[in-house]
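Please keep the sequence and the structure in view while reading.

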Amino acid sequence: MLKGKIAGTGSYLPEKILTNADLEKIVDTSDEWITERTGIKERHVVENETTSDLALIAAERALESAKMTSDDIDLIIVATITPDMNFPSTACLLQDRLQTQNCMALDVSAACSGFIYGLHIANSLIATEEVHNAIIIGAETLTTITDYTDRNTCVLLGDGAGAVVLTPSKTDQGILSTFCGADGSKGELLKRHGGLSRQPIYKLGPYDFHNVFMYMDGKAIFKSAVQRMTSSLSKALEKAGKKLDDLDMVIPHQANIRIIEMVREFAKLRPDQVYVNLDRTGNTSAATIPVALDEALKQGKLKKGDILGITAFGGGLTYGAGVIKI
Ligand code: ACO
């Protein structure tokens with residue numbers, strides 16, 4: 001069956017950096033606690049930029065590395081839970097800013113699994129030959145929905161965008177498999193609802209303002225994360241006809257170094273076979289995997305022919321994984 005392969009990648013992290021020392025001045029926390037419990041040292045945060053601003057730079061860089069222009073693209077997918085606005089979608093805003101019109105453009109809302117969901121959709125459409133070249137962007141400005149009085153969540157989150165251009169593959173190179181799933185019964189563990197139809201703006205009371213920020217039950221999510229990321233990776237490997245031993249590298253969703261370490265142990269990989277940038281980026285939700293993928297390729301840590309595993313979980317709860325021959 002026809003499949004997509006990676007033709008180019010790009011990423012962008014906002015300039016401003018928020019360190020653990022900066023957070024010590026905002027909430028009751030310490031560099032020691034954050035480093036030990038999460039692995040995060042600093043994160044990039046937007047000042048005035050929107051999600052489509054970040055997505056645009058990542059997309060332009062990916063197009064340049066694919067030696068394509070926006071007119072070559074016939075599908076734009078933006079994976080985000082922090083769109084510029086409810087509608088138009090961030091993908092449509094991005095399409096306009098890329099100055100192209102002849103393509104389909106949609107947002108995918110699957111939180112931290114959003115990039116893998118986007119890859120799954122794009123690859124499936126390439127397989128049907130409905131779509132030729134697709135660009136999938138994971139882009140988030142999570143710090144715009146972060147409650148900086150809640151030390152349980154604010155230390156984890158950062159902003160950024162990563163993009164991947166897919167083109168049809170005529171060889172064994174490309175997306176060997178993707179797997180996506182969801183467990184809506186655990187949706188309450190990670191949510192943001194204030195100001196939307198569950199609690200419209202006119203029903204927000206003076207003490208409800210925190211509902212416009214992200215809420216998370218970190219401990220419960222931690223347990224699901226490890227279980228879902230490892231089982232999703234197994235399912236994707238099975239679909240690809242590959243084994244754990246075949247993996248040259250895994251890029252896991254960057255949420256917590258302890259989660260990443262458990263995934264590494266499950267996959268029986270050496271530390272250098274698991275790409276980690278969480279210490280510099282924090283959790284950027286849908287952007288973590290495409291940003292890490294771009295960095296790993298540019299740093300020469302991934303080379304042609306390598307078998308890469310990607311795996312993620314996120315609000316929804318959603319989960320997914322993929323196997324890619326670079
Ligand atoms: N600084 C200092 N102490 C803290 C902080 C902090 N920033 N945050 C929590 N604590 C305290 C807690 O209050 C608690 O104190 P207590 O024992 O007196 O009650 C203690 O530290 C331990 O808290 P735990 O919740 O048990 O800490 P845990 O080891 O579980 O780590 C964490 C918490 C980091 C949130 C972890 O559970 C985690 O990473 N979970 C996954 C979160 C995640 O990845 N979510 C995805 C969200 S993003 C998305 O989908 C868009």
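Asn211 sits in the loop between strand 11 (199-200) and strand 12 (215-216); helices (H or I, at least four residues) and strands (E, at least two) are DSSP runs, numbered from the N terminus. The model is a predicted one, in which local features need pLDDT of at least 70 and side-chain atom pairs count only at pLDDT 80 or more, while totals for chains, interfaces and linings use all residues. Residues are numbered from 1 along each chain as its sequence is written, and side-chain values use heavy atoms, with hydrogens and water left out.

Asn211 counts as buried because its relative accessible area is 17%; buried means under 20%, exposed over 50% and partly exposed in between (1.4 Å probe, protein chains only). Its side chain makes a polar contact of 2.9 Å with the side chain of Gln199. A polar contact is a pair of N or O atoms within 3.5 Å; within protein, one must be able to donate a hydrogen and the other to accept it, and residues adjacent in sequence count only if both atoms are side-chain atoms. Beyond its neighbours within four places in sequence, Asn211 is in contact (heavy atoms within 4.5 Å) with Arg192, His193, Gly194 and Gln199.

The chain as a whole is divided into domain 1 (3-170) and domain 2 (176-184 + 215-325), with bounds that come from an automatic or database domain assignment. The contact between them takes 42 residues from domain 1 and 42 residues from domain 2. The C-alpha centres of the two domains lie 16 Å apart.

Both domains also contribute to a pocket. The second largest pocket draws at least three lining residues from each of domain 1 and domain 2, and its volume is about 180 Å³. On a 1 Å grid over the protein atoms alone, a pocket is an open set of points with protein on both sides within 12 Å along at least five of seven lines, a cavity is a set of points where a 1.4 Å probe fits but cannot get out, and lining residues have an atom within 4 Å of a point. Grid points are joined across faces, edges and corners, and a volume is the space filled by probe spheres set on the points. Helix 5 (114-127) and strand 8 (174-182) each supply at least two residues of this pocket's lining, which includes Met1, His120, Ser177 and Lys239. By class, the lining has 5 nonpolar, 5 polar and 2 charged residues. Here Ala, Val, Leu, Ile, Met, Phe, Trp, Tyr, Cys and Pro count as nonpolar, Asp, Glu, Lys and Arg as charged, and the others, Gly among them, as polar.

The structure holds 1 cavity of 30 Å³ or more. Helix 7 gives the largest share, 3 residues. Among the lining residues are Asp183, Arg228 and Leu317. Leu317 lies in the loop between strand 14 (307-314) and strand 15, and the peptide bond from Gly316 to Leu317 is cis, with omega near -15 degrees.

Pro88 belongs to the loop between strand 4 and helix 4. In helix 4 (residues 90-97), the buried residues are Thr90, Ala91, Leu93, Leu94 and Gln95; their cover includes helix 3 (51-65), strand 4 (75-79), strand 5 (104-108) and strand 6 (134-141). Just after helix 4, Gln99 takes a positive phi of about 55 degrees.

Most residues other than glycine have a negative phi, and most peptide bonds are trans. Lys67, in the loop between helix 3 and strand 4, has a positive phi near 55 degrees and is exposed, with a relative accessible area of 77%. Glu129 has a positive phi of about 65 degrees; this residue lies in the loop between helix 5 and strand 6 and counts as exposed because its relative accessibility is 62%.

Finally, Ser285 occupies the loop between helix 9 (278-281) and helix 10 (288-298) and is buried at 1% relative accessibility. A polar atom of its side chain lies 3.4 Å from the backbone nitrogen of Cys112.
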